[in-house]
Protein chains: 2
Amino acid sequence: MIYKRCGQTVLIQTPPVVRASAAIAGKKEGDGPLGSRFDQIEPDAYFAQKTWEQAESAMLLRCLSLACQKADTPVEALGFILSGDLQNQCAGAAYAMRDTGAPYLGLYGACSTMAESIALGALMIDGGYSKTCAAITGSHFCTAERQYRFPLGYGGVRTPTAQWTVTGAGCVILSEHGDGPRVTSATLGRIVDQGVKDMTNMGAAMAAAAYDTLKAHFRDTGRSPQYYDLIVTGDLGEIGHGIVSELFERDGITLSNYDDCGRMIFDRESQDVHAGGSGCGCSAVVLAGHLLRAMREGSIRRMLFAATGALMSPTTSMQKESIPGICHAVSFEVKEA
Amino acid sequence: MIYKRCGQTVLIQTPPVVRASAAIAGKKEGDGPLGSRFDQIEPDAYFAQKTWEQAESAMLLRCLSLACQKADTPVEALGFILSGDLQNQCAGAAYAMRDTGAPYLGLYGACSTMAESIALGALMIDGGYSKTCAAITGSHFCTAERQYRFPLGYGGVRTPTAQWTVTGAGCVILSEHGDGPRVTSATLGRIVDQGVKDMTNMGAAMAAAAYDTLKAHFRDTGRSPQYYDLIVTGDLGEIGHGIVSELFERDGITLSNYDDCGRMIFDRESQDVHAGGSGCGCSAVVLAGHLLRAMREGSIRRMLFAATGALMSPTTSMQKESIPGICHAVSFEVKEA
């Protein structure tokens, strides 16, 4: 057996290919700066279902079907599906995938799920355990808002640090063969809890975990941040992005090529989203819709995607616990010509 | 790359070893027929914490520490921890593991988590992505009962088909080297939903998934049920166990070597548990405390462990959805002398 790990990072020896990706987003996300980059914009928040929870599942299943169609892979031929979401008991993903007939591995990484699922999927393909798999996650503003915060009809005032949960789903089909960006490494994150207790400031709660994983990635690989055309975190938003930038500045490193999906998805001036976008769907649609498309278009050749998750629950917050954060990172590279 | 998969099953080429396992259980579980097989019985339902949720996390962390101690592996030296639980947002596991310093991969497989975590951990070690890892899960009667059913003080009457959520945690330390039972295969389950809607009859809801995965395992490996000294499902209890037995009978197969952790952990006559035990902790403590010990003692040489999960949430049940089930299976074998 060849040992392929250094620290928290695996350098993947036979990097799986992103055979296809698909992104479906809600109306508000479609109105944002990346609207033209998503495969579908769905104006109906119910996705023709009776409840928001069913809507979230319908969105996920539609996204999986679309990605499989683009990859020319029947859903039932997937080696397995890696998925999870923010709903209690990850019901959004489970109910979406229950009729697919493919083996299912349920994950809970909160908003880090897109990176966790791609990391595990890429390793499982590199290991020879599957020829293809789907990594998929999403979130829905209405299911998340009423579960984590207030009933929607209550109309609670949002704080300046609050973020807006994205309605959207992103799916990546990984395959051992084919053309496209490749998953070349995976850095598995540790849980970091800096004592932040404010549920309306998730960016601050997750920033230290992002910093921890990015530092581990650079240390383990010997790469400098300049190795990448883009380093992108999941859904830290304006505040978390600023904290990560400042933490690196303290180390004498200016991240000139660093952005965050939560900053990219909405126009903060005109869309009233306060600190930016959040939710599993935020990094999922920005990656699957915009960033991987940019890699196929040639404008990004090397990218480090570091999705961030906040692992609290409404119960732990009521019990006055602080918010643990986590961040997993995967690098994508286009094969040099 | 060598492709190692047949159908839903991976036959593991360099089978990782169970370096150590640990089981911690509550008082009622300690009073049951397997009481003497657990490492620790904790009479205090609060595990010296302020809330039941904190108790569950304390139990999980204590179980991890004990397993690492038995494996002579410092917690921070683990390549990663695979864990999840039944609490909303899997907070029990996340809060338990937040200070360990090891990379963390959060899973949600409901009560199939013990098998899902061992399957993924074994593949990741076989693949060369880690030298060692921990697979750990648990459940707590009080956190599960109030989250899924009624406030405990309400004293709701339980139906005859209801099961009793186990208070307990089980941890398995997997390693590339060493002596002990080996994880020789993993069969990744599909979600199966037979339309059962009764939240007080989880055994019936999960039985079809167990049947589906067991059948896949026998088909993929060419093994007959007699290959194993013991085939054991997770927490189907008396009713689910009967359904699985009957489904195989219809195929002309009598499973004479088949039991279920939910039937084994309590004395149904004297302990008032109705259909048996359930919860992530049920199969976790029976495996980590009793079954793997029996393999080390030599009374079991080949075992197929098929943990079952019900993927509904209280919200989906209120919305009148049926209950999707899942089952992942791993085989353990003692190296022939």
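This is a predicted model: local features need pLDDT of at least 70, side-chain atom pairs count only at pLDDT 80 or more; totals for chains, interfaces and linings use all residues.
**Entry 1: the domains of chain A**

Next I checked how they meet, and found 58 residues of domain 1 in contact with 59 residues of domain 2. On the domain 1 side, the elements giving two or more residues include β3 (17-26), α4, β7 (132-139) and α5 (141-148) of chain A. Which element gives the most to that side? It is α4(A), with eight residues. I also sorted the domain 1 side by class and got 33 nonpolar, 18 polar and seven charged residues.

**Entry 2: chain A against chain B**

I turned to the contact between the chains, which takes 56 residues from chain A and 57 residues from chain B. On the chain A side, α3 (91-97), β6 (104-106), α4 (113-126) and α10 (314-318) each give two or more residues. So α4 of chain A turns up here as well as on the domain 1 side that touches domain 2. The chain A side divides into 26 nonpolar, 19 polar and eleven charged residues.

**Entry 3: helix α5 of chain B**

I went along α5 (residues 141-148) of chain B and noted B:Phe141, B:Thr143, B:Ala144, B:Gln147 and B:Tyr148 as buried. What do they pack against? I found β3 (17-26), α2 (52-71), α3 (91-97), β7 (132-139), β8 (164-165) and α10 (314-318), again of chain B.

**Entry 4: the core**

The largest nonpolar core has 243 residues, and those with the most contacts inside it are A:Cys171, A:Phe305, B:Cys171 and B:Phe305. I followed one of them: leaving out residues up to four places away in sequence, B:Phe305 touches B:Ala115, B:Val232, B:Leu287, B:Ala329, B:Val330 and B:Phe332.

**Entry 5: two positive phi values**

A:His274 has a positive phi near 60° and sits in the loop between α8 (261-264) and β13 (277-278) of chain A. B:Gln89 also has a positive phi, of about 60°, in the loop between β5 (81-84) and α3 of chain B.

Is each one buried or partly exposed? A:His274 has 18 other C-beta atoms within 10 Å, so it is partly exposed. B:Gln89 has 27 such neighbours inside 10 Å and therefore counts as buried, since the cut-off for buried is 20 or more.

Key. Residues are numbered from 1 along each chain as its sequence is written. Chains are lettered from A and ligands numbered from 1 in the order in which they are written. Two residues are in contact if their C-beta atoms, placed from the backbone, lie within 7 Å. Helices (H or I, at least four residues) and strands (E, at least two) are DSSP runs, numbered from the N terminus. Ala, Val, Leu, Ile, Met, Phe, Trp, Tyr, Cys and Pro count as nonpolar, Asp, Glu, Lys and Arg as charged, and the others, Gly among them, as polar. A residue is buried if 20 or more other C-beta atoms lie within 10 Å of its own, exposed if 12 or fewer, and partly exposed in between; C-beta atoms are placed from the backbone. A nonpolar core is a set of buried Ala, Val, Leu, Ile, Met, Phe, Trp, Tyr and Cys residues joined through C-beta atoms within 7 Å.
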